[in-house]
Amino acid sequence: MSFRRALSLACGFAGGSAVLVCAAVVADKNGYFGEGRRIRETLAAVNAAHPPAWPTANGWDYNWDKREPSSMVNGKRKESAGENGSQDAENNKPRATRHIFLIRHSQYNLKGDGDKERFLTPLGREQAEFTGQRLASFGLKYDTLIHSSMTRATETANIISKYLPGVELVSCDLLREGAPIEPVPPVTHWKPEAVQYHEDGARIEAAFRRYIHRADAKQKEDSYEIIVCHANVIRYFVCRALQFPPEGWLRLGLNNGSITWLTVRPSGRVSLRALGDSGFMPPDKLTRT
């Protein structure tokens with residue numbers, strides 16, 4: 001095979017198939033290309049210009065929530081206790097899985113002057129009914145229903161709670177809507193001041209740390225928790241939990257009343273079981289505003 005042909009293959013597929021690039025390297029080492037040195041140099045340049053889009057096997061931070069068992073052991077005891085340190089780490093090991101349902105509030109009055117006037121529209125109340133019915137249909141034993149203290153989220157949570165009798169309702173200011181971090185790429189239709197990112201970002205990050213983490217070692221059974229809040233908050237939570245660049249949060253879209261389902265395993269692994277699910281609503285009831 002000629003060098004030009006090999007180069008065409010390598011450059012044509014480097015961005016979309018690391019397998020083919022690796023195959024070219026193997027072929028080069030086995031003498032299938034006449035100009036081996038030039039091939040190696042070309043592939044090295046391609047890899048430098050197009051690094052892998054995903055982290056390597058060691059790229060996942062298992063202590064992302066600062067609850068990895070060995071990190072929960074007191075530092076001095078960890079150095080001197082020997083086997084006791086290992087036992088402490090075992091005692092701090094989570095054994096339950098947390099299921100977190102992030103619900104975006106339903107449609108609300110966009111013309112309202114201030115939060116109190118931004119209450120749910122009639123359609124928004126319908127949407128909340130559908131969401132409540134959907135959550136109830138899962139047949140799960142929900143532990144708590146936490147909601148943003150903003151009017152539209154509070155009303156959505158109250159409607160949902162009708163379908164989940166006995167589930168405690170908890171209001172939280174940290175979950176209020178805001179600007180979590182400056183998005184990349186930037187958008188022209190929405191440009192908060194830098195101070196808003198600074199203030200909202202710290203608050204929303206605090207909410208993430210409070211609610212998105214692996215189970216406590218004392219938790220014996222899997223838990224199912226519902227958080228009713230806002231699109232920006234949910235999108236930021238998802239990026240942070242999956243260890244994706246959080247600046248990409250604005251690339252995700254969520255319908256009103258939709259369900260996003262995160263699972264946090266005892267090991268610290270996180271999976272996204274659903275993102276913005278709203279297929280349980282009739283098409284004419286779907287909105288994003």
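Q: Which residues of α9 are buried, and what does buried mean here?
A: Ala231, Asn232, Val233, Ile234, Arg235, Tyr236, Phe237, Val238, Cys239 and Ala241 are the buried residues of α9. A residue is called buried under 20% relative accessible area, exposed over 50%, and partly exposed in between (1.4 Å probe, protein chains only). Ten of the eleven residues of α9 (residues 231-241) are buried, and the helix is thus mostly covered. The model is predicted: local features need pLDDT of at least 70 and side-chain atom pairs count only at pLDDT 80 or more, whereas totals for chains, interfaces and linings use all residues. Residues are numbered from 1 along each chain as its sequence is written, and side-chain values use heavy atoms, with hydrogens and water left out.

Q: What do the buried residues of α9 pack against?
A: They pack against β1 (98-104), α8 (194-211), β4 (223-229), β5 (259-264) and β6 (270-277). The element names follow DSSP runs numbered from the N terminus: helices are H or I runs of at least four residues, and strands are E runs of at least two. On this basis the protein has nine helices and six strands.

Q: Which residues touch the most other members of the largest nonpolar core, and what makes a set of residues a nonpolar core?
A: A nonpolar core is a set of buried Ala, Val, Leu, Ile, Met, Phe, Trp, Tyr and Cys residues joined through side-chain atoms within 4.5 Å. The largest has 25 residues, of which Leu175, Ile212, Ile227 and Phe237 touch the most other members. At least two residues of this core come from each of β1, α8, β4, α9 and β5, and α9 supplies the largest share, seven residues. Another core, of 18 residues, lies apart from it, with Tyr142, Ala153, Val167 and Trp261 among its members.

Q: Which residues is Phe237 in contact with, leaving aside its neighbours within four places in sequence?
A: Contact requires heavy atoms within 4.5 Å. Phe237 is in contact with Leu102, Leu175, Ile204, Ala207, Phe208 and Ile212, its neighbours within four places in sequence being left aside.

Q: Why does Trp64 count as buried?
A: Trp64 has 11% relative accessibility and therefore counts as buried. Its place is in the loop between α3 (36-49) and α4 (75-80). Beyond four places in sequence, Trp64 is in contact with Phe208, Ile212, His213, Arg214, Gln243, Val264, Gly268 and Val270. Trp64 and Gln243 are 179 residues apart in sequence, yet 8.5 Å separates their C-alpha atoms.

Q: At what distance does the side chain of Trp64 reach the backbone oxygen of Gly268?
A: That distance is 2.8 Å. Gly268 lies in the turn of the hairpin formed by β5 and β6, which has five residues between the strands, and has a positive phi of about 100 degrees.

Q: How do you know that β5 and β6 pair?
A: Two strands pair if DSSP finds at least two bridges between them. β5 and β6 are joined by five bridges in the antiparallel sense, and Leu262 stands opposite Leu272 in β6. β1 and β4 have seven bridges in the parallel sense; Ile103 has Val228 in β4 as its bridge partner.

Q: What is the order of the strands in the open sheet, and why do β3 and β6 stand at the edges?
A: The six strands run in the order β3-β2-β4-β1-β5-β6, with mixed pairing. β3 (168-172) and β6 each have a single partner strand, so one side of each is left without a neighbour in the sheet. The twist averages 20 degrees from one strand to the next.

Q: Which strands does helix α7 touch as it packs on the sheet?
A: Helix α7 (residues 151-161) touches β1, β2 (144-148), β3 and β4, and its direction makes about 160 degrees with that of β2. α9 also packs on the sheet, touching β1, β4, β5 and β6, at about 150 degrees to the direction of β1. Axes are lines fitted to C-alpha atoms, for helices over the stretch in contact, and angles run from 0 to 180 degrees between N-to-C directions.

Q: Is Thr156 buried or exposed?
A: Thr156 has a relative accessible area of 1% and is therefore buried. Its place is in helix α7. Not counting residues up to four places away in sequence, Thr156 touches His105, Ser106, Leu120, Ala128 and Val228. A polar atom of its side chain lies 3.1 Å from the backbone nitrogen of Ser106.

Note on methods
Polar contact = N/O pair within 3.5 Å; in protein donor to acceptor, adjacent residues only side chain to side chain.
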